[in-house]
Amino acid sequence: MILTVLDTETTGLDPDIHEIIQIAAITYVIDKSGERYIMKKYEKKIDPKQLHTASEKALEVNGFSIEDWDGASEPDEVMNEVRDIISKTDIMLGQNLIFDLRFINEICHRNNIDPPEYPPYIDTKSIADRLVRANWLQRSGMDYLVEHYKVKVEGRAHTALVDCERTMLVFDELLKDVNQEYDVFTFQEPYKARRRKR
């Protein structure tokens with residue numbers, strides 16, 4: 001089985017006006033015994049075309065600077081590469097992954113590229129939310145989960161590749177707390193986080 005962990009860094013929260021400025025994917029082969037091997041690591045910075053719409057807070061979180069993005073790839077080139085990765089994937093994994101997939105869809109549309117056919121996906125946020133409802137965890141955000149599970153990854157958080165690595169390791173820890181049980185979602189029927197009662 002081929003599993004791909006995917007993450008994006010964006011200029012804000014709204015795919016209609018904001019952009020992906022970095023994207024990463026780690027593709028694993030999982031053999032019949034459940035052993036996991038890295039098949040491919042992919043990470044690209046994307047040249048933003050409408051920085052005037054960007055959220056300053058988002059750019060700060062993502063560590064964006066004009067200098068660091070000098071020579072970044074064009075969106076259409078990256079989306080074609082991402083489509084290829086997704087097309088070879090049996091199942092995807094991410095933290096609130098529908099956020100990333102909706103951004104990919106919008107960037108594809110802006111560049112006259114057919115969006116990918118997304119395989120089913122596992123959402124670490126859905127598992128964490130279940131544990132929050134059971135009072136096992138306090139929150140379901142990735143930074144909290146990394147701290148709670150004492151996950152160690154080299155590199156700066158909120159860069160796409162590091163966040164892919166964090167997501168995979170957090171997923172391993174979450175599975176221990178839910179007896180390996182999780183739900184699978186689709187682009188058409190995504191995970192929708194429920195609001196907690198106050």
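Reader: Which strands does α3 lie across, and at about what angle does α3 run to β1?

Author: This is a predicted model, in which local features need pLDDT of at least 70 and side-chain atom pairs count only at pLDDT 80 or more, while totals for chains, interfaces and linings use all residues. Residues are numbered from 1 along each chain as its sequence is written, and side-chain values use heavy atoms, with hydrogens and water left out. Helices (H or I, at least four residues) and strands (E, at least two) are DSSP runs numbered from the N terminus. Contact means heavy atoms within 4.5 Å. Axes are lines fitted to C-alpha atoms, for helices over the stretch in contact, and angles run from 0 to 180 degrees between N-to-C directions. Here α3 lies across β1, β2, β4 and β5, at about 75° to β1. Helix α2 (residues 75–87) lies across β1, β2, β3 and β4 and runs at about 165° to β3.

Reader: What is the order of the strands in the open sheet?

Author: Two strands pair if DSSP finds at least two bridges between them. The open sheet has 5 strands in the order β3-β2-β1-β4-β5, with mixed pairing. β3 (36–45) and β5 are at the edges with a single partner strand each, so one side of each has no neighbour in the sheet. On average, neighbouring strands of this sheet are turned by 20° against each other, direction ignored.

Reader: Where are the pairings parallel, and where antiparallel?

Author: β1 (residues 2–10) and β2 (residues 20–30) run antiparallel, joined by 9 bridges; T8 has I23 as its bridge partner in β2. β1 and β4 pair in the parallel sense over 3 bridges, and V5 is bridged to L93 in β4. β4 and β5 (residues 121–123) also pair in the parallel sense over 3 bridges, with G94 opposite D123 in β5.

Reader: Which way do the residues of β4 point?

Author: In a regular strand the side chains alternate between the two faces of the sheet. In β4 (residues 91–94), I91 and L93 point one way, M92 and G94 the other way, and all are buried. Buried means under 20% relative accessible area, exposed over 50%, and partly exposed in between (1.4 Å probe, protein chains only).

Reader: What is the handedness of the unit that β4, α3 and β5 make?

Author: A crossover is right-handed if, with the strands pointing away from the viewer, the path from the first strand over the helix to the second runs clockwise. β4, α3 (residues 97–110) and β5 make a right-handed β-α-β unit.

Reader: How many aromatic pairs are there?

Author: A pair of aromatic rings is described by the distance of the centres and the angle of the planes. Rings of Phe, Tyr and Trp (its six-membered ring) pair if their centres lie within 6.5 Å; planes under 30 degrees apart count as stacked, over 60 as edge-to-face and the rest as tilted. The count comes to 6 aromatic pairs. In one of them, the rings of F99 and F103 have centres 5.0 Å apart and planes at 50°, so the pair is tilted. Both residues lie in α3, 4 residues apart, about one turn of the helix. F99 is partly exposed at 23% relative accessibility, whereas F103 is buried at 0%. Y121, F185 and Y191 form one aromatic cluster.

Reader: How many residues of α4 are buried?

Author: Helix α4 (residues 124–133) has 8 of its 10 residues buried, among them I127 and L131. The buried residues of α4 pack against β4, β5, α5 (142–148) and α6 (160–177).
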